[in-house]
Amino acid sequence: MKEAGEDIKEAFQDGAHDLADKAGDLKDAAAEKAADLKDAAAEKAGDLKDAAADAAEKAKDAADTAKEKAADAADAAKDKADDAKKAAEDK
């Protein structure tokens, strides 16, 4: 009976050791997956930052272009007004 008890005790110890090994493996796998997810998130954040910078640059360029066109239109309108004034004075 004592031998059976020792066998059972040893089996439980082996099982506990196996469970501890599996828990360690799971912990390592979880840590690796977390690191992968962190890296992927950092990469995606960098991509989003780059895209935002590109969009901001395009918006600035569009605003500059619109400002130039507005200035050109104002100049053209002033020139037309000056021409009309001169024509009226010449009559």
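This briefing describes the fold, surface, charges and salt bridges of one protein model. The model is predicted, so local features need pLDDT of at least 70 and side-chain atom pairs count only at pLDDT 80 or more, while totals for chains, interfaces and linings use all residues. Residues are numbered from 1 along each chain as its sequence is written, and side-chain values use heavy atoms, with hydrogens and water left out. The protein contains 1 helix and 0 strands, and its radius of gyration is 39 Å, whereas a compact globule of 91 residues would have one near 12 Å.

**Fold and dimensions**

- Helix α1 covers residues 2–90; helices (H or I, at least four residues) and strands (E, at least two) are DSSP runs, numbered from the N terminus.
- Along the principal axes, the C-alpha atoms fill a box of roughly 130 × 15 × 5 Å.
- The radius of gyration is taken over C-alpha atoms, and the globule rule is 2.2 Å times the number of residues to the power 0.38.
- D25 and A53 illustrate the spacing: 28 residues apart in sequence, they lie 42 Å apart in space, C-alpha to C-alpha.

**Surface**

- Of the 91 residues, 0% are buried (buried means under 20% relative accessible area, exposed over 50%, partly exposed in between, with a 1.4 Å probe and protein chains only).
- D25, which is placed in helix α1, counts as exposed because its relative accessibility is 53%.
- The accessible surface comes to about 8200 Å², and 58% of this belongs to carbon and sulfur atoms; the areas come from the Shrake-Rupley method with a 1.4 Å probe, and for residues only the protein chains shown count as cover.

**Charges**

- There are 17 positive and 27 negative side chains, and the centres of the two sets lie 11 Å apart.
- Lys and Arg count as positive and Asp and Glu as negative, with His and the chain ends not counted; a charge is placed at NZ of Lys, CZ of Arg, CG of Asp or CD of Glu.

**Salt bridges**

- The whole structure holds 2 salt bridges, each defined as a side-chain nitrogen of Lys or Arg within 4 Å of a carboxyl oxygen of Asp or Glu.
- K60 and D64 form a salt bridge at 3.2 Å, N to O; they are 4 residues apart in helix α1, which means a separation of about one helical turn.
- K60 is partly exposed at 47% relative accessible area, and D64 is partly exposed at 32%.
- K78 and D82 form a salt bridge at 3.2 Å, N to O; these residues are 4 apart in helix α1, and therefore about one helical turn separates them.
- D82 is partly exposed, with a relative accessible area of 36%.
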